[in-house]
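Subject: Structure handover

Hello,

Here is the structure for your files. My notes on it follow below.

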Amino acid sequence: MTSTTHASFIIERRYQHAPKRVFAAWSDPQAKRAWFVEGEGWDIRSYEMDFHEGGEEKSSFRFVKGEETFGEETLFSNDTVFNEIIANERIIFTYSMARNGARFSISLASVEFSAEGQGTRLVFTEHAAFFDGADGVHMREAGWQELLLKLGDHLDKQGFGQ
Amino acid sequence: MTKRATTHATFVIERTLKHPPAKVFAAYADLTQKAKWFGGPPEWTRSTHTLDFRVGGRESESGGPHDGPEHTMNALYWDIVQNERIVMSYEMLLGPTRISVSLGTTEFKPAPEGTTLTYTEQGVFLDGFDDAGGRERGTHELLDQLVAFLNS
């Protein structure tokens, strides 16, 4: 018998860059890849993004410590569909995560960007269904905490231009 | 510029049905059956209902009151376990305006009486057009229509 657990979390972040620049790090495939996909411990197998409503983003990456952690070569894949895009203001997307082809979660996420002083307040909200005891919301939230830090580092490296 | 606002909400509805899981599941999987219970109130005009029931497949249903705006539901199926679980995401449009995006999980579990159906909706309601309370009431009405269909 299958089992499913549901959970949600919210992460709020402030960046010293205008909403237009923060949004661009989500809408531009090269910029998105730099903070969202590239990372130590991951070997990127494929990445593509078609950033428009109804468009898809697909990434596949090998977990370098897969053999040691799971006893086998371990490929994770993320399949995303963009539900709503409002430039510089809001992105809503749904995505599934799979390990070696077996889906273990389906999520709905919204990212909201609003101007605050010279910078941006970003609110990330995720609702997820986790299957059969996999992964879990704490690990997912920790993952997004790290990704949103990497987003900040990426923006800082790009400088403070418009 | 429209003022952007989002409200996030989750609700869970559990129903005990006097029919086995396979029969209840079929009422979701087969368009001929689903079209008989899934939709607005009986007095609404129905314009389209399409269903491609497989992972990656889509469903679209629209209709509305005679003098009111068209209500459209566009769904995408993310996970299907025969007779056990259906996970889909869907958006609701009022006329051309998107009013919500939701993740809906329907679980079917065998029970002594037949089936325990649990529907969990996690949604984001947009720009003040709809709210979770209205959606939950609407979903109760849909499940009443499902029960009436199964009992017919």
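In chain B, 46% of the contacts between residues at least 6 apart in sequence join residues at least 24 apart, two residues being in contact if their C-beta atoms, placed from the backbone, lie within 7 Å. For chain A, the share counted in the same way is 49%.

Please note that this is a predicted model: local features need pLDDT of at least 70, side-chain atom pairs count only at pLDDT 80 or more, and totals for chains, interfaces and linings use all residues. Residues are numbered from 1 along each chain as its sequence is written, while chains are lettered from A and ligands numbered from 1 in the order in which they are written.

Overall dimensions

Chain B has 152 residues and a radius of gyration of 15 Å, which agrees with the value near 15 Å for a compact globule. The radius is taken over C-alpha atoms, and the globule rule is 2.2 Å times the number of residues to the power 0.38. Along the principal axes, the C-alpha atoms fill a box of roughly 55 × 30 × 30 Å in chain B and span about 50 × 30 × 25 Å in chain A.

Buried residues account for 25% of chain B and 28% of chain A. A residue is buried if 20 or more other C-beta atoms, placed from the backbone, lie within 10 Å of its own.

Secondary structure

Chain A contains four helices and seven strands, in the pattern β-α-α-β-β-α-β-β-β-β-α. Chain B contains three helices and seven strands, in the order β-α-α-β-β-β-β-β-β-α. Helices (H or I, at least four residues) and strands (E, at least two) are DSSP runs, numbered from the N terminus.

The sheet of chain B

Seven strands of chain B form an open antiparallel sheet in the order β1-β7-β6-β5-β4-β3-β2; strands pair if DSSP finds at least two bridges between them. Its edge strands are β1 (6-17) and β2 (45-51), each pairing on one side only. β1(B) pairs with β7(B) (residues 114-126) over twelve bridges, and B:His8 stands opposite B:Val124 in β7(B).

Two helices of chain B lie across strands of this chain. Helix α3 (residues 132-151) lies across β1 and β7, at about 25° to β1(B). Axes are lines fitted to C-alpha atoms, for helices over the stretch in contact, and angles run from 0 to 180 degrees between N-to-C directions.

Regards

Conventions: A residue is buried if 20 or more other C-beta atoms lie within 10 Å of its own, exposed if 12 or fewer, and partly exposed in between; C-beta atoms are placed from the backbone.
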